[in-house]
Amino acid sequence: MLHLLGWSKTKPIYGFATPRQSNPSPRVTNFHPGVFNTDKGRKDLVNVSEINETFCRQVLAKPGGDRFRACFQCGTCTASCPVRAVESRYNPRVLVKMVELGLRERVLGSDILWLCSLCYQCQERCPEDVRFPELMTVLRNMAVEAGYIHPSFAKLASIVAEQGRIYEVDDFINMRRKQLGLPVVPTDRYEWGKLSQLLRFGK
Amino acid sequence: MSRYAFFLGCTTPVRVMNYELSTRKVSAKLSIELVDLPFTCCGYPIESINRESAMLMSMRNFALAESKGLDILTVCSACAGALTRFSNAFQEDEASRTRIASQLKSAGLEYKGSVKVRHFARMLYEDIGVAKLKDAVTKDLKGLKVLTHYGCHYVRPSESYRGFDDPEVPHTVDELVEATGAESLDVPQKSVCCGAPLLPVDKAVALSMAEVKLQMAQAAGADALVVICPFCGISYDRGQLEIEAEFQRKYGIPVLYLPQLLGLAMGFSPRDLGFMMNSVKVQGILEKVSGVKA
């Protein structure tokens with residue numbers, strides 16, 4: 001099943017995905033048929049040594065991360081997903097399963113984690129009120145804490161921390177705005193300096 | 001005359017000035033006063049990095065608007081969504097309210113919770129109304145066929161918007177469009193995502209997502225796409241040129257911001273509405289509009 005997430009393709013686009021370990025435990029033979037087995041030749045299958053039992057509890061404890069256990073794997077999210085419609089490596093249903101299985105490194109270190117467009121279509125349609133976009137936010141926040149951040153987001157964070165906006169407003173922009181009869185973008189930051197000291201990103 | 005704190009967001013004032021220009025023109029015509037304040041990022045892009053900090057940034061904007069006694073009006077669906085969700089969390093979750101309030105205090109700010117936030121299009125629909133908008137139309141756009149695009153966060157998550165519009169088959173912007181006399185086309189899967197949030201993550205995926213709607217527009221015979229979000233606009237307008245070059249296909253579908261379309265119907269010149277800044281050529285649609293002059 002997990003090969004659906006594209007893990008077997010070993011295609012770390014951004015180069016920060018964690019390398020897969022390869023020492024399957026011989027003790028577990030039938031814990032979860034189809035997912036776990038001892039076939040050393042199948043690198044797309046889950047290795048039980050990867051399971052991090054505290055991961056589920058950590059996710060559940062965060063606001064927005066407390067609904068994923070209601071998932072019964074119906075796949076409505078995946079069927080509704082506009083990203084999935086064009087990119088088969090991305091599959092929200094499988095991601096929920098991976099969280100449930102406690103595959104912390106695979107989830108947090110995956111570039112797939114950054115492919116959700118947060119359109120909320122799946123949240124509207126989920127029969128179990130799993131709130132996938134909220135789960136996604138929790139997982140991304142945890143990934144950042146664990147040191148995995150998508151390079152584009154890292155760049156964006158440093159600009160926002162400094163400027164308070166995702167695009168810098170320079171003299172050229174304000175000149176162009178003046179030509180069009182638009183007011184210049186206010187430069188008075190209204191306590192942004194003090195507030196930005198309290199932000200926990202982009203540092 | 002109604003007054004609002006005009007929340008332009010980060011993208012519109014820098015990259016999508018045609019949207020801003022036309023919004024200001026249409027607002028003036030409808031006696032809506034837009035007050036510019038030193039707002040910063042709504043928090044949406046930061047939510048993926050650190051939700052708590054994103055909420056704090058968001059609430060700074062509310063504190064600023066409250067200090068002027070104004071409600072917030074946005075032109076970006078993503079800003080509307082983030083501000084609404086964070087505002088709801090502030091109102092409803094006592095623990096996070098206490099936490100955020102104390103952090104705001106240490107930055108010399110205070111927010112009591114009085115500010116409401118709405119998207120410009122929602123305000124038009126709810127406050128101005130379709131009938132009054134029709135009265136402001138001086139040039140009937142009959143014969144023009146457009147396909148609307150809402151921008152996900154204008155209606156989703158529906159829980160945050162408390163019954164406004166429909167998350168699957170939204171209709172409010174269609175009604176606003178039809179006030180101009182133009183026909184708003186009905187297609188299945190109208191509420192697809194434009195893909196813009198993924199432009200910095202995986203451009204090929206983002207452009208493929210945008211192309212889905214362009215194909216719908218082409219199949220439905222639309223003269224233009226009408227959008228209400230700067231990200232959707234970038235995805236479909238500038239993105240369309242990239243899609244055509246990248247995937248070797250031809251669309252040529254003009255992308256108008258809702259106030260650009262409304263402005264045309266109100267008799268503003270294309271120049272006043274910033275049409276020269278649209279990426280996909282708009283000559284075709286402008287000729288069509290001037291041909292049906294009322």
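Start with chain A: of its 203 residues, 39% count as buried. Keep in mind that this is a predicted model.

**Stop 1: chain A**

Colour chain A by secondary structure. You will find 9 helices and 0 strands. Walk from the N terminus and the order reads α-α-α-α-α-α-α-α-α. Now turn to the contacts in chain A with a separation of 6 or more. Residues 24 or more positions apart account for 69% of them.

**Stop 2: where chain A touches chain B**

Show both chains. The contact takes 46 residues from chain A and 49 residues from chain B. Stay on the chain A side and select α5 (121-125), α6 (132-145), α7 (151-163), α8 (171-179) and α9 (192-196) of chain A; these are the elements that give two or more residues to the side touching chain B. Which element gives the most? It is α7(A), with 5 residues. Colour this side of chain A by residue class: 29 residues are nonpolar, 7 polar and 10 charged.

**Stop 3: helix α12 of chain B**

Select residues 238-247 of chain B, which form helix α12. Which of its residues are buried? They are G239(B), Q240(B) and I243(B). Look down the axis. These residues cover an arc of only 100°, so they sit on the same side of α12(B).

Next, see what covers them. The cover includes α10 (203-220), α11 (230-236) and β8 (255-257) of chain B. Before moving on, step just past the end of α12(B). There, Q248(B) takes a positive phi of about 55°.

**Stop 4: α10 against α12 in chain B**

The axes of α10(B) and α12(B) come within 10 Å and cross at roughly 100°. That angle makes α10(B) roughly perpendicular to α12(B).

Show side chains at the contact. From α10(B), select L207(B), A210(B), E211(B) and L214(B). They meet G239(B), Q240(B), E242(B), I243(B), E246(B) and F247(B) in α12(B). By class, the contact divides into 5 nonpolar, 2 polar and 3 charged residues.

**Stop 5: α2 against α13 in chain B**

Select residues 17-29 and 258-265 of chain B, helices α2 and α13. Their axes come within 8 Å and cross at roughly 45°. That makes α2(B) oblique to α13(B). The crossing is left-handed.

Which residues make the contact? From α2(B), they are N18(B), S22(B), T23(B), K25(B) and V26(B). From α13(B), they are P259(B), Q260(B), L262(B) and G263(B). Colour them by class to see 3 nonpolar, 5 polar and 1 charged.

**Stop 6: A224 of chain B**

Finish on strand β7, residues 224-227 of chain B, and pick A224(B). Is A224(B) buried or exposed? It is buried, because 24 other C-beta atoms lie within 10 Å, and the cut-off for buried is 20 or more.

Now display its contacts, leaving aside neighbours within four places in sequence. A224(B) is in contact with V146(B), I253(B), P254(B), V255(B), L256(B) and I285(B). Of these partners, V255(B) and L256(B) fall within β8 (255-257) of chain B. Last, draw a distance from A224(B) to I285(B), C-alpha to C-alpha. The two are 61 residues apart in sequence and 7.5 Å apart in space.

How values were computed. Residues are numbered from 1 along each chain as its sequence is written. Chains are lettered from A and ligands numbered from 1 in the order in which they are written. This is a predicted model: local features need pLDDT of at least 70, side-chain atom pairs count only at pLDDT 80 or more; totals for chains, interfaces and linings use all residues. A residue is buried if 20 or more other C-beta atoms lie within 10 Å of its own, exposed if 12 or fewer, and partly exposed in between; C-beta atoms are placed from the backbone. Helices (H or I, at least four residues) and strands (E, at least two) are DSSP runs, numbered from the N terminus. The arc is that of the directions from the helix axis to the C-beta atoms. Two residues are in contact if their C-beta atoms, placed from the backbone, lie within 7 Å. Ala, Val, Leu, Ile, Met, Phe, Trp, Tyr, Cys and Pro count as nonpolar, Asp, Glu, Lys and Arg as charged, and the others, Gly among them, as polar. Axes are lines fitted to C-alpha atoms, for helices over the stretch in contact, and angles run from 0 to 180 degrees between N-to-C directions. Angles under 35 degrees count as roughly parallel, over 145 as roughly antiparallel, 65 to 115 as roughly perpendicular and the rest as oblique. A crossing is left-handed if the near helix is turned anticlockwise from the far one by less than a right angle, and right-handed if clockwise.
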